[in-house]
Amino acid sequence: MGLKNDSVFFTDKHDVSSFSLSNQFAEHLEFILVKDKFTATDDDAYYSLSLSVRDRLVRKWLRTQQKYKEEDVKRVYYLSMEFLMGRLLGNALINMNYYDECYNILKNDGYSLEDIRDQEKDMALGNGGLGRLAACYLDSMATLELPAFGYGIRYHYGIFEQEIENGYQVEKADNWVRFGNPWEILRRKLVYRVKFYGRVVMGKDPFGRLKFDWIDTEDVLAVGYDVPVPGYRTNTVNNLRLWEARATEEFNFRDFNIGNYVAAVENKNNSENISKVLYPNDTITEGKYLRLRQQYFFVSATLQDIIRKYKINHTRYDQFAEKTAIQLNDTHPVIAIPELMRILIDEEGMGWEDAWKITTATFSYTNHTVVPEALEEWSVTIVNQLLPRHLQIIYEINRRFLDYVREHYTTDEKIIQELSIIREGSDKKVKMSNLAIVGSNSINGVARLHTEILKSRIFPHFYKLFPEKFKNVTNGITPRRWLKTANPLLSGLITDKIGKSWVKELDHIRKLEKLIDDTEFRENWRTSKWLNKKLLIEYIEKEHPIKVNPESMFDVQVKRLHEYKRQLLNVLHVITLYNRIKDNPKIDMVPRTILFGGKAAPAYTTAKLIIKLINCVADVVNNDSDVGDKLKVAFLKNYSVTLAEKIIPASDLSEQISTAGFEASGTGNMKFALNGALTIGTMDGANIEIREEVGDENIFIFGLTADEVIKLKQNGYNPREYYENNSGLKRVIDMISSNYFNKHEPGIFDSIIDSLLNVDYYCIFADYESYIKTQEKVSALYLDQETWSKKSIINVARIGKFSSDRSVKEYAENIWHVKPVKVDIT
C-alpha cells in the first residue's frame, strides 16, 4: 500500500480516475483509518469504501458547481426541513456504475458488499413521506442534469430511534453521526450569523427614507455541511447543504473560573439545541420556540448563502428572480418570505414594491396536507419575541394584501378573515399557509384530488383570487432507489427481459405487458417475490419470537402513524380474521402475515396507543394454538428507508386505506406497486391516479369517496348505528373494550373505543364493511396465483407515470422554468 511518485497531486493526466478503486480503498484504510487487513472491521471497510467512492464523485461535484457559476444559469433551491436520504453507498454505486467493481474488490479482500452496506446508518434527517419525497427529487434533479441545490438541517439526533417495550413505543436518541459520516464535507469557512430576539429601532437613512435596525439580538452561527448527490449515469453531481448550529461563544471562562460550570457552557448548549432534534415536541411552549427557531435558523442561513452565490456574478438584484427559484417544501420554510423581504429592504436598501416583486417571483410553495392541524400557525406573541422585525413585515404584507382584497374581490369581513394572514383572537396567530400563498408565484398540490381539494375546500377564495397560481404536480418516486437498488432480484429479471432503459425512462417499463402470458416469466416473477420474502422472514424472525410462513400473503401497512392513515381499521380486520379462525379452527383460508411499521410523533398519544393495540393483538394472535400458520401479526420497530427496502420487495398487498380526502398523495402506494404488490385502498390521494393507470380490475378499491365523507358528516354521522347494525364490527369493538387483548392493563384502550363510538372522525366504522368484503376479494384472488401474478406484472408495467423524474420535469417546465445543464469532464 502507499501512494507513489507524489500521485496525490492529480493533474489532467493523473487524475483520481486513474487510480483503481481497489488502490483507493487500501489507501483510505491505511492512511485515514490507520488499519490493515488484520485489524480492519466491517465498519472500517464501509468507511474506506465510502471515502473511495466519494473521491470519485469529487471531480464531477466540483465541475458541476463550476459549470453553473460559469454559465450563470438559473438555479433551483429546494428548501425542506426533512431529507430522508436513507443509506448513500448503495445508491451511489448504482448511479455511478461502480457496484460490480466494488463487489469484486471487497470479495477479493474477504468482505461481502451487502454486509458492508449494512454498516451504514440511515441519515436521520426526516420522518415520513415529506423527507423521502425531497430525497427522491434530489436524485431526479441530478439525473435530469438540472442546476439544483438542496438545503436542510443537519439534525444531530434526527427524530428518534423507536424501541418497543411492553408493546409501547419508546423514543431513544438516534445519534447517527456518533462515529462520523464519510459522505459529508464540513465547509469550515462557510459560516453565517443568524439573529433572534432583540428589538427594532426605526429611523431614517441619509435620503430621508424609513430605516429599520434589528439590534440587541442573540446570535447563533450556522455552519455548512455538504453531501454530494450524483445523478444516474451522468456527470452531474448536485449538492445537499445541511446547516448545523454553533454558539458564537463556545465557553465562558468568567463563569467557569467562579465555579459556575453549568453557566459556562449554557450559551453553547442553548444555541446548538437548534440542530439537535427534528421536530421538537411543540405541545409545550419551549418546544414551540425551539421549532420556530429551527425554521428561521434554516432559512436565514440558506438565503444568506443563496445571495452570496448570486452576487458572484451580479452586483444588482434586477436579475435575482430570473436566476433564482426557491421551492418551499411545505409550510416549514415559509418564514423565508419575510426574511427575503427584510434582507432586500433593511440590508440592501430596496423599496417595498421592488422587494415584493422580486420575492413573489422567486418563491413557489408545495402544500402537502389537508389536515387542519398540519397547516402551521405561529403565535404572534412568539413571533414577536423571536423575530420582531419579521412580524412587522408580515403585518405590512397582510395590510397591503387585504387592501387588495377589498378593492378587487370582496368587502365581506368573514371572507377577509379567512384570507387574512393573521388569525384574530385572544391568541393571535400567523397562518403560514396563507403567507405562502400570498408571497409565492405558484402553489401546487401533490395529487390531482389533493389539488382540487385545495382549490374547492381549503383555499377556495385564494383560488378565486389567484387561479393562475394553483397547479398540480403529482408526486413520484425514484426507480433507482425503489426498484434497482431495493429489489435487485426483480430489477434484474426486468432488465434481462426488456433492457435497462427503464431506469432513467420509467415509461419504458410498460414493455413488461407483452410478457404477461409468458408462463416461464410469471414463474420467475413469483420466485423473485418468494426469495424476497425469505430475506424479510430472516429479518423478522431475528427481531420477533414468531415463525413466518413464506407461502402466506404478506399484507403490509408501513407508514407514519396517524389516525387518518387508519392503521386502526387494519387492526379491526386482523381481529375479524382472528374471530373467524376461533369460530372454526379448521377453516380453509388464505394464510396472512400482516405487517405494520411506522413511528408516532412523541406527543401524539392516540397514535402511540394504536401501536400498543397492534402489539397487544399480535401477542394474542401469534400465541394462540388455534391460529397456527393461518395468521401472524408483527409490528416492525424503527421503520426507516433501509427497513422499507427490505419490506416493500417482499410485499403482496399494499394497504393504502386513509380516509378519502385526507391523504395529499402518498408515495408508499407507488413504491409497493413498482415492486409488484397489489393495492387495497380508498379513492384518496394518488390511489385515484394509480387506479387510472393500472386499471380498475388490477386494484382493490373500497369505501367512501371524499365527497361521500363530507356528505355523511353533513347529514349527521352516527358511528353507533354502524356498531349496532354490524355484528362482526360490534364483536370486534366489544373485545377491545372488554380488555380481551390487554387483560393485565385493563382500560388502556377506553379512549380509542370512546372516540370511535361517539365521534369516529376518520369514518372507520362507516368503511368497515366495505373493507372487510374487499379483503375477501383479495383472498379469493390470491388463491389463483397465475392471475395474481398477471395483475402484479401489470401493476409494475403501468406505474411509469409515478417516477419522480416526471414530477421534477413538470416542476422544471411549469414552475421553476429551469433547463438542464450538460456537465463535461475533460
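Which residue's side chain does a polar contact of 3.0 Å join to the side chain of Asn-532?

## Asn-532 and its partner

The partner is Asn-487: a polar contact of 3.0 Å joins the two side chains. (A polar contact is a pair of N or O atoms within 3.5 Å; within protein, one must be able to donate a hydrogen and the other to accept it, and residues adjacent in sequence count only if both atoms are side-chain atoms.) This is a predicted model, where local features need pLDDT of at least 70 and side-chain atom pairs pLDDT 80 or more, while totals for chains, interfaces and linings use all residues. Residues are numbered from 1 along each chain as its sequence is written, and side-chain values use heavy atoms, leaving out hydrogens and water.

Asn-532 sits in helix H21, residues 519-543. (Helices are DSSP runs of H or I, at least four residues, numbered from the N terminus.) With 7% relative accessibility, Asn-532 is buried, meaning under 20% relative accessible area with a 1.4 Å probe, protein chains only.

## One face of H29

Helix H29 spans residues 727-737, and its buried residues are Leu-729, Val-732, Ile-733, Met-735 and Ile-736. Looking down the axis of H29, you find them within an arc of 155 degrees, so they line one face of the helix. (The arc is that of the directions from the helix axis to the C-beta atoms.)

## The ends of H29

At the start of H29, a side-chain oxygen of Asn-726 comes within 3.1 Å of the backbone nitrogen of Gly-728. After H29 comes Asn-739, with a positive phi near 65 degrees.

Note on methods:
Helices (H or I, at least four residues) and strands (E, at least two) are DSSP runs, numbered from the N terminus. Buried means under 20% relative accessible area, exposed over 50%, partly exposed in between (1.4 Å probe, protein chains only).
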